[in-house]
Amino acid sequence: MSPEENIEGFPWGRIVEAFAWASLVIAFVIGQIAAQTDYESLLIKQMPDVEFERSQVNRELPIVYNIKKDGKQLPEVVVMSEGTGYGGPIVLGIKAKRTDEGASLSEVILLSHKETPAFMDKINNKQFFRQFAGESVSNNFIVDDDIDAVSGATVSSKGFTTAVRKAVHLGAAKHLNLDATWQEPRWHFDVNEIILVSLFVLAFYSVYRKDKLAKYTRYAVMIGSLVFVGFYANLSINLGNIAGIFMGYVPTPQQHPLWWIMMAGALGSVLILGRNIYCHQICPFKVVQDLLQKLSGIKLRIKPEIQRKSRMLIFFLSWIALMLIFLSTHPALGSYEPFAMMFSLEGLGIQWYILPAALLGSLFVPSFWCRMFCPVGLYLNEMVRLRRSIRDRIFGKSKSTTVKVDLE
Amino acid sequence: MEQMQWFLMGVLFTLSVFALAWLSVKVRLQWYVWAGMITGVLLILFGIGWAGASFMEGISQSGSMGLIFFCGPGIVMIILLWRFLIAPEFEKQAK
């Protein structure tokens, strides 16, 4: 029986929990219904001075709209395209016109996206979409081949380029009956992917071995995760990433292989090994907190009662964040973690208030952010607990059941 | 609001002077420790002032950076001085 039941004689805790779950499910459903894409209204919003009529000639995908101005049909059409960016689905309108060789692109218009505003600022400032103008539909449209990615927004650049490529090549093959002379992007395992896999392998080693080498490995992983996962790749897992998985906002392995390695490593270690490797070893913000803690040497103890209450605070904060994310179908809107600010100086309003509090707090309290505010850590630890209880039910209670999962 | 900020800065400055005065009565320190402590206190006060003004103007990024780059080093400086120079001096003079 929970404390709430003892005090009040009424299961308030369970009612609040049920309300939280039910409201999240409702918010998810409402968000998904409201997010149904209406191409025509998106196009009218962007180009209010012309009319759009769905092409009756090109009935197959991709969807094509004819453009009319003052009753006259313009030579250009708009080819609709959907894809996945860093934050979620994107919708593009690709203006194209026929040429002697087939067709060429005149403009790529971003109609809808869920990208983090800071990344979109970079895309817009560098005028990323301008490089598509005048290109033939038979081009490859591959990043680092004939398209330049925007530095610091590579995943978004790849997402936009993939969306353009798929729609344009499909249209070229089906509507224009062109031969496929273009190349398909090849998946290659880059040095970045090797580094991240190595970090996880070393992290596993340092967790399961107790020798001196494991100790040094642990330091190496700490430095590696701070430099690579934090400052170089800015790959910290946040609540938006987890919520994005539930909403189906998953980048392709070609587009963002590091995301797949990170998720496989973090969730795989929990599900398969029953250990929260990510929080303890890979999270770069944990490393920053540990370094600040070492520097100050002050270890203020948090009372167990406050620790328990902070757990409820994290659940409450993450509930608000998830409600926002599910209703807006925009993962970046609800993530309140200060990781992106810390490692790439990009963030929105409230996140800037949180970062100094988290850093200054960790000077005095070990793993201050992890214990008091981090939703990812809490959920990963809860997953570890859940896995353990399921295992115990199936195989019986083992002696190692009381393994510590807190972040001390 | 601006007047309130100046008032609060004045209160914080006065408290800091009191704290340093208390320290000077309790323990005898080298000049460089005092220089470090005063620099640390001034950095913290400057960071708070910077952050307060930035947050009031709605530029939260600047406020956050102010706290991290001014208050952070200020606090670290004071903590390190306390750990390695002031606390041992307290113990030595107590004996």
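What follows is a short talk through chain A and its contact with chain B.

Q: What should I know before I start?
A: This is a predicted model, where local features need pLDDT of at least 70 and side-chain atom pairs count only at pLDDT 80 or more, while totals for chains, interfaces and linings use all residues. Residues are numbered from 1 along each chain as its sequence is written, with chains lettered from A and ligands numbered from 1 in the order in which they are written.

Q: How many helices and strands does chain A have?
A: Helices (H or I, at least four residues) and strands (E, at least two) are DSSP runs, numbered from the N terminus. Chain A has 17 helices and five strands, and its C-alpha trace spans about 75 × 55 × 45 Å along the principal axes.

Q: Which strands pair with β2(A), and in what sense?
A: Strands pair if DSSP finds at least two bridges between them. Here β1 (residues 51-54) and β2 (residues 64-69) of chain A are antiparallel over four bridges, with A:R54 bridged to A:Y65. On β2(A) there are also five bridges to β3 (residues 72-84) of chain A, again antiparallel, and A:K68 partners A:Q73. β2(A) and β3(A) make a hairpin with two residues between them, and A:D70 in the turn has a positive phi of about 50°.

Q: How do I read the cores?
A: In soluble globular proteins, nonpolar side chains tend to be buried together. A nonpolar core is a set of buried Ala, Val, Leu, Ile, Met, Phe, Trp, Tyr and Cys residues joined through C-beta atoms within 7 Å. Buried means 20 or more other C-beta atoms within 10 Å of a residue's own, all placed from the backbone; that covers 38% of the 408 residues in chain A. The largest core has 55 residues, and those touching the most other members include A:M262 and A:W369. Helix α9 (residues 257-273) of chain A gives the most to this core, six residues. A second, separate core of 34 residues includes A:L105 and A:F141.

Q: And which residues does A:M262 contact beyond its neighbours within four places in sequence?
A: Contact means C-beta atoms, placed from the backbone, within 7 Å. For A:M262, those partners are A:L196, A:L235 and A:I237.

Q: What does each chain bring to the contact between A and B?
A: Twelve residues come from chain A and twelve from chain B. On the chain A side, α11 (284-296) and α15 (349-364) are the elements giving two or more residues, and α15(A) has the largest share, with eight.

Technical notes. Contact = placed C-beta atoms within 7 Å. Buried ≥ 20, exposed ≤ 12 C-beta atoms within 10 Å, placed from the backbone.
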